[in-house]
Structure formats: structure tokens, C-alpha cells
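User: I'm new to this one and would like to learn how to read it. Could you take me through some features, step by step?

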Amino acid sequence: MTGRMIDTMSESPNTPLPVVLAGARGHGRWHVENIRRLQHKGIVRLVGICELTPLTEEELGDLGTPEQSADFGALLDATGARVAVICTPIPTHTDLALTAAERGVHLLLEKPPAPSYAEFRRMADGVAAAGVVCQIGFQSLGSHALPAVRELIEQGAIGKLVGLGGAGAWVRDEDYFRRAPWAGKRRLNGVDVIDGALTNPLAHAVATALSLGGSTRAEHVTGIETELLRANAIESDDTSCVRVSTTQGHPVTVAATLCAEEADEPYVLVHGSSGRITFWYKQDRVLLQRAGHGPQESEHGRTDLLENLVDHLTAGADLLVPPDETGAFMKVVEAIRTAPDPAPLPDTAWHRIPGERRRVVPGIDGLVAAAADTLSLYSELGAPWALSAEHLPNEVSTR
């Protein structure tokens, strides 16, 4: 994947690029530490933080004294930032991205890039018209395992590509859905949020499976089936699966839950006619299994997406995750957005773990794995709560 080159070599490769971070708490703390790492390497310089409540000296540590303001546009103007990292609530992404783009500021925009396909297009088209570079923050797409797996597929190591599965079995307590006013919401004050299991916490499973299958752009998607359910008292889905039909002819099925019995590492499973490849995308770990050979395991490095953005701007490196290469993922977001609201699981389908304040769906760990293994939806695997739930499955054609 390559990004559009737009006067990027005007940035000096020897001068740290001034960066403003919007959203420095919650997941934003990861970006604070990553910027700290890159500042120590002389790659970037933190010049501003946009937060409703300024960071303390303790939170900043050795990052110096960047300007702090709740006014993003004014902060960009005052600091002369060349790059903005946006890690704010999902519904704010498009407007903040365009605020930066209008000022000629390049972007690292956290995933999901927008809560709807229309908002995504408004962002992507506006950024392109402004002539700035935008990187979407799917960190797993910076893994060096991706080109390694693609090479195995192209070499025929597992025969003909049949399909791809994704599995994410995570544990989240009830407080997770109270971490912010928008958490666990499909809409807030009439505005789309779409904070579901597949669109936010386990969005990487969807985006990575689509990427490994070569189905990254919106036009690669021909149809989407969804099964959206919830055990928690929320609006959005916490136990869901999706199956994407593609122009390449191989399906992409991803199953996810935040109500697992035990937390497990999420993975993508590449199915071939004579073998399979498992990619644990948080660990950059790959397992190749094929007929006539013993299993082969390998570990890979990863390119940080902010570092890649700077390399793109200063040295002409290919941009790893430009907006249009997440168009297929955004089609999935749109299908989930327009689907009927997630069906509540019956009380008999889940229980609380004493002392842990979390809800568990018995048997869901095995169902998630089976969905990735067979490219099936929960209802096709015989899950009684999926078979009995109203509105399941929901199918959307993108043609």
C-alpha cells in the first residue's frame, strides 16, 4: 500500500517534526508514551496537547512544557505543528481531522476513523483536497508479518486462498462501558458513535483480516452479514460476528466478544486449500501449517505508524495506512451502523463472575474460535441465543 505523495520532501529529515496530540488520556496515554519515545530519538517534538483538563507535570515527565489548550485549531496555529495525532471520541474524528487539514497539518488519526461511511468520506475527501497526508491508526497494519504472510500466500504455501477468519475473545468488566460518556453507545445526543466490539476494541481483527485478503478498499466489498448481540446493559454489541463477501471471491468472517470466559490473544486465520496461516496480530507472531510439512512459527518486527508518517514526510517512505486503504473496514462499520440495534442475550445466556463485575457468555470462547475456523456465523454454529434472537442475521449488499 502506498500513500499519495504531496510535497512531503519539504519536511527536513534532520529536524524533529513538531507534533500536537489531541486526546492524551485513556488510550491517548499510549500516544503520549510513543511520542516520548520518538522525541528521545529526535524524530518528533511535542509542542502541544489538546485536552479539556491539562496534563500535570507528573504526566508530562521529560516531555518538556508543551502548550496546552482545549481549542484544537488555536493550538495548531500557536504551535506551528506539522503533525497532529488525534485520539479523541469517535464522533469528533472527522471535524478535528479537517481542522488540521485546513491548516496544512498532516495527521495520524486513531481508529476507527469515523462512525459512518459518510463521515469517513467527508474526512478522506477533505484531507485529500487540502493536500495533507493522513495515516489511520491501525497499528497491526504496520506489522512486518503482513508482507511475510502475503508472500507465503502468493508462493502457494497453503494452496489456493479459500477465505480468512478473525477471532477476538476479550474480557471487559462493566466499568469499561462507563469509561466515557460515549462508551458502549451506538448514538449519543443524536450523533453516531458505533462503539461496538468489532468497530472499536477488536477493530484490528477486522482490518487485518481484510488486509491479508487484499480486500482493503470500499469497492472490494460486495456484501456484509452481521450478527450483533449484547450481554451487557449497553446500546452497542459486545458479542458479534460479521461475514464480508469480496470481489476476490473469498469470504472474511470475524467473530468477537468482550464477554469471554478467559481472555485470549486475538488472531487472523488464513485458510488455504492445503494449509493455513495463523497470525496473532498483537504479538506479530505467525504459524504456518501445511500438508507434508511440520509447523513453522516465526516472529516479526513492526513499524510504528507515527514513525512511518514522519518517514513518509521527510524521506518519501510509502505510507502504510492511507484512508482509502481502510475503506472496506468502513463499509463494515456502516453495515453495523445501519443494522438493527444489537439483540440482548437472554438472562440464561450469561452470568456474572463474582467479585469481578463482568458478564460472561458460557461457551463463547469456543464459538469465536469455531467461527474463525469454519468462516461461519454464530447462528450457523447452532448458538441457541443467536438462533432465537430477533433480526439475526442481517445482510447488506454494497452493490
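**Reading the model, feature by feature**

Analyst: Let's start with a β-α-β unit: here β5, helix α5 (residues 117-130) and β6 make a right-handed one. Keep in mind that this is a predicted model.

User: How many bridges join β5 to β6, and do they run parallel or antiparallel?

Analyst: They run parallel, and four bridges join strand β5 (residues 106-110) to β6.

User: Which residues point each way from strand β6?

Analyst: Cys134 and Ile136 point one way, while Gln135 and Gly137 point the other way; all are buried.

User: What about the peptide bond from Lys111 to Pro112: cis or trans?

Analyst: The general idea is that most peptide bonds are trans. This one is cis, with omega near -15°. You'll find Pro112 in the loop between β5 and α5.

User: How do I read phi, then? Where is Ile194 found, and what is its phi?

Analyst: Most residues other than glycine have a negative phi. Ile194 has a positive phi of about 60°, although it is not a glycine. Its place is the loop between β9 (191-192) and α7 (203-212). Ile194 also counts as buried, because its relative accessible area is 2%, and buried means under 20%. Asp284 is another residue other than glycine with a positive phi, near 55°. Asp284 sits in the loop between β14 (275-280) and β15 (285-290), and it is buried too, at 9% relative accessibility.

User: Why is strand β7 described as largely enclosed by the rest of the structure?

Analyst: Count its buried residues. Eight of the nine residues of β7 (residues 161-169) are buried, so the strand is largely enclosed by the rest of the structure. Now look at its partners. β7 pairs with strand β13 (residues 267-272) in the antiparallel sense over six bridges, and Gly166 stands opposite Val268 there. With strand β12 (residues 252-257), β7 runs parallel, again joined by six bridges; in that pairing Gly168 stands opposite Ala256.

User: Is Arg359 buried or exposed, and what does its side chain contact?

Analyst: Arg359 counts as buried because its relative accessibility is 10%. It belongs to strand β19 (residues 358-360). For its polar partners, the side chain of Arg359 makes a polar contact with the side chain of Glu174 at 2.8 Å. A polar atom of the Arg359 side chain also lies 2.8 Å from the backbone oxygen of Ala231. Among the other residues Arg359 touches are Asn232, Cys259 and Trp350.

User: Which residues does Thr94 touch?

Analyst: Leaving out residues up to four places away in sequence, Thr94 touches Ala114, Glu119, Arg122 and Met123. Thr94 lies in helix α4 (residues 93-102) and is buried, with a relative accessible area of 1%.

User: Which residues does UniProt list for "domain: Gfo/Idh/MocA-like oxidoreductase N-terminal"?

Analyst: The UniProt record, an unreviewed entry, lists residues 19-138 for it. Over that span the chain is 41% helix and 22% strand, and the end C-alpha atoms are 19 Å apart. The record, also as an unreviewed entry, has "domain: GFO/IDH/MocA-like oxidoreductase" covering residues 148-277. That span is 13% helix and 35% strand, with its end C-alpha atoms 11 Å apart.

User: What pLDDT does the chain average, and where does it stay under 50?

Analyst: The chain averages 95, and 96% of the residues score at least 70. Over residues 1-9 pLDDT stays under 50.

Technical notes:
Residues are numbered from 1 along each chain as its sequence is written. This is a predicted model: local features need pLDDT of at least 70, side-chain atom pairs count only at pLDDT 80 or more; totals for chains, interfaces and linings use all residues. Side-chain values use heavy atoms; hydrogens and water are left out. Helices (H or I, at least four residues) and strands (E, at least two) are DSSP runs, numbered from the N terminus. Buried means under 20% relative accessible area, exposed over 50%, partly exposed in between (1.4 Å probe, protein chains only). A polar contact is a pair of N or O atoms within 3.5 Å; within protein, one must be able to donate a hydrogen and the other to accept it, and residues adjacent in sequence count only if both atoms are side-chain atoms. Contact means heavy atoms within 4.5 Å. Two strands pair if DSSP finds at least two bridges between them. UniProt positions are given in the numbering used here, feature names are shortened, and annotations may be inferred rather than shown by experiment. pLDDT is the predictor's confidence in each residue, from 0 to 100. A crossover is right-handed if, with the strands pointing away from the viewer, the path from the first strand over the helix to the second runs clockwise.
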